[in-house]
Amino acid sequence: MILSDSFHEEEENEAPVKAKRTKPDAGEEEEVVYHPVKLSRNDLYRPPTAEELNQLKEAESLFHCSLLKMQMGELLKEVALSERRKQQIDSFIQTVTKLLQTVPDSPEVEVSDLSWLSGTVKVPFLLLPKITKGKFHMAPPASIDLIGSYPLGTCTKPHVMVDLAVTIPADVLHPKDVVNQRYPRKRALYLAGLAQYLTSSSDIGTMRYSCLHGNRLRPVLLLTPPDKNSSSFTVRVHACPPPGFFKPSRFHPQRNNIRTEWYTGLQTSYSESSEPPTPHYNSSVLGDLLPRTHLQFLSAISSQCSAFADGVALLKVWLRQRELNQGTGCFNGFLASMLMAYLLTTHRISNTMTAYQLLRNSLNFLASTDLTVNGISLARDADSTAPTLAEFHSAFQVVFVDPSGHLNMCADMTACTYMQLQHEASVSMQFWDNPTVDGFHSLLMTPKPMIRTSDHVFQLCELVKLQSSCKKLNLLSELMDHSGNYVHTALPFILSLLQRGLDQRIQLLTHSLSPDPEWSVESEAPKYKAQPPLSFGLLFRPELAASVLERGPPADSPKAAEFRQLWGLRSELRRFQDGAITEAVLWDGESMCQKRLVPKQIITHLLQLHADIPESCVRYVGAMVDDVIKSETKDTGEEKSLAVVQSYDDLSRKLWRLEGLPLSITAVQGAHPALRYTQVFPPKPLKMDYSFFDKEKTCRSLVPKEGKPCPAYITPITVICHMEGSGKWPHDRLAIRHIRAAFHIQLGELLRKHHKYTCRPCPTHLDVWKDGLAFRIQVAYHREPQVLRESVNPEGLLVVRDNEEAQALEMATIHKPLLTSTLHGLQQQHPCFGAVCRLAKRWLGAQLFTPLLRFNHVFPFVEGVFPTDFSADYTEIKNGFMASRESLPVMFIATPKDKKLSMWTRRAPNVQMLQRVMMVAAESLKVLEQQLMDGNQIQDVKVVMRPPLEVYDAVIHLNPKQVPLLSQAVDPPSVTFSRGVMTGSAAQSGGSLPVIDYNPVSLYLAELREAFGDLALFFCDPYGGTVIAVLWKPKAFSPVPFKTSQVSARSVKVTGDEANTVPNVEAILEDFQIMGKGLVKSVEARTEKWSF
């Protein structure tokens, strides 16, 4: 969710701005009316004050532009609580406080006896084991205090949470309650007693239970006001022991407070000193002792730094957009405040810094400091019983010690979560330092869920299976430490196992943070298995991720046994070409499509072998979208693209070696998407079935027999062949074309003579049949575009004027080959580039955005090249863009060779098309992410490829038999047609030339646009689409005066003395059918959509 949207929704009634002052109702305060401030001329032109000069200097020195400073200021205004909201919160807190102070006493009973509770209110705790020692009774709280972010001034929207600490009376507790969950159970019972009392009050809205950061040992009571403000904030009630009631030394991470005999119910030989330590349980109880102390510490720090609250607010927004601020083991707002306090107390940042500087320095510290190795502490004068950092590191993965010196505030955080935090901070710093990127929107306004930041994602669905994982991994002591929470017990060990197995293949392994559960006070606490599936994100190293071989240590190495233990029976001895005999694991994978899923094989194998998690419980979300670019052979086309490139390289070498041409060849360049790996369905070598065709008499080319289905579409792969400049070239455009045609004939003869290729020369190109592929060679002369621009006026003067013909020729012979070579190089650097482009083009085609397909490959190209090639020219490009914005296309894309004009987007898209694409893309992204991450619904990612046809005025249905690319459709029909192609490998040379570049659908579409382009827009999926959607142009249906030259497809209407013409829709629909005879099956007119 984007922040600004939610903030505006919440603030609808916040600012009472009215045009006129209204009489207030009885009992209500008079509403404030805001008026624009009127300044005198002297005020308008007075010199800036010292403070304003400082702000200007600060904006110049700290920010890339003054806009960033204003954006920061506006963001802080949006996340801050309004005065009206604060008044509502204070009023509700007073009401709750008065109610809690009147909680009645109850008789003392055993902790296990719940008879004093009414049947409706339940205890927010999983009572396992059921019995524990101790007495309990209800009594009014000893004190009620505000804690957390609200009194500190760092509370932010949109989810406003106000923390209220309710102190349990000392006579309810016992100093030995730290043992065997007695204190956590009494704490839960006390919250249940408060809930039971508050249910009878009409001053309380809804009441629910939750857990503090997902920790089941620390349940809390959530209260909302009863009126219309019930969703605007929530009060979170914490039950806490009296300050100093328990000795902090009892919670040393190496001490035990859960006895094995009590937990298991079995007799054990453990003495108290030999019991396993329970550091996580200890930190959970200790955390309840210190919230008031922490608030005092942070308040003292905040009072010294004026920008402290704003800096924390920005850091909380940054964390929220990355989903790191909530759930078990999160880096919450409290830790953000403590981190900033640490940087201030250690003088890494100054008290005079701005909020932006505090945010930057905090991110820089996170990016450069590894708390999994070198923990930090806020304790200055800790007592002698406080643990050392080394002792904390032995018990916890991430260490950040509070001011008391006894509590590790990151006790529940896994190393993987902190590594994710470090990675995000590092990436953010790169964005801040890059003047060519809008860092504000990228870092603070753009959500980054796991599905967008990971290459592959997988989920563990049946979490109850983790019970058997704990048993297999022998995690009894860890299970006791986590009070039976087998999910959080097994998670660190599963992460460690996956980290070992994936090793160098990944640069980052992340996992979802279990959300804080919420449930009604009348319901039992949810089981551990009730939480959503655990999600894991993988960020790969592209060069290693798809390797099918896992090479281990030599057979005689001491590490060989460890390697065999990790991989089990998959490990085997292998001899390699260098003579080495080592342990190795070979994974399945022939095509690139299969190799991309090698990590899935590794993960399922390791989880089954070491954690007893069957493959059926692993839901792997990787390469799921690839289905839409898979061909009949069930591969994603990388091998076909490579085969096309190799065949082209061979043809290029042979063209260079040709002898007998009057002019030498200076360059051979590819200009087809297949040669830059961005063709959605790369051409595949075809072996023609001659029985399907007749042979044309003169040149013996293959012609389809009448009555047969349309033959397979053969893509001509464009190759530009530049000839050397010479005085022999004429300066007349027609003569140049004749010379080029002669070169096509001679090239064809030489290729046929020396290499036995089947060739067919044409005036504009030469078709060559090679390796079952059709190459279309176009001879180019570098001065021809200039000749096309030259003309002689009536006075006999030479005039140079740009025109569309010259631009088109320049695009075809210069810019497209250059783009192809550049993108080919980019594909070598980033192997996923081509597949991403192809998926984007497939989506555009499926959603019927046909006009955009000719330039969409530029998007990733610009993203990849811009940071390296344009950083020096960015200011020049931006200034030129701003100065010429009105004359530039709607979408502006700068490339290294085109920094000012955006030639790729000159003709399309228009404003309406671009807005439509943006809207459909946003909805498609939402649906796709839900499809990929929600395991409860039927997985069908193709749903984002199916366009809504309801918005169109007419739909032309095509005969599938005559659609040559039918197999490429999003939902191909089960019935297939013979297209004149045989299975088997194609011959390298020779054979009759088939029909090239024949697609009835595209030809029919071109005819429709030529005939009716002024009346309607036509949309079609170029990849196997069987419908053409028609959208009338509203302006075209306005009556126009009768003219004999403009009666095509129009009917005459006479009113009085005026004769007007309007489009004859019925005749037009009939023309659609007639023009597409044999291809068009039916025309569906959706008259209910017509508004003219």
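Predicted model: local features only at pLDDT ≥ 70, side-chain atom pairs only at ≥ 80, totals over all residues.
Reader: Why are S18 and S23 said to stand at the edges?

Author: The open sheet has five strands in the order S18-S22-S25-S24-S23, with mixed pairing. Strand S18 (665-670) and strand S23 (758-761) each have a single partner strand, so one side of each is left without a neighbour in the sheet. From one strand to the next, the twist averages 25°.

Reader: Which strands does helix H25 touch, and what angle does its direction make with that of S18?

Author: Helix H25 (residues 638-656) packs on the sheet and touches S18, S22, strand S24 (766-770) and S25; because contact means heavy atoms within 4.5 Å, H25 has heavy atoms within that distance of these strands. The direction of H25 makes about 170° with that of S18. Helix H28 (residues 804-829), for its part, lies across S18, S22 and S25 and runs at about 60° to S18.

Reader: How do you know where the predictor's confidence is under 50?

Author: The mean pLDDT of the protein is 87, and 92% of its residues reach 70 or more. Over residues 1-32, however, pLDDT stays under 50, and it also stays under 50 over residues 856-870.

Definitions and conventions. Residues numbered from 1 in each chain as written. Heavy atoms only, no water. Pairing = 2+ DSSP bridges. Helix = DSSP H or I, 4+ residues; strand = E, 2+ residues; numbered from the N terminus. Axes fitted to C-alpha atoms, helices over the stretch in contact; angles between N-to-C directions. pLDDT = per-residue confidence, 0-100.
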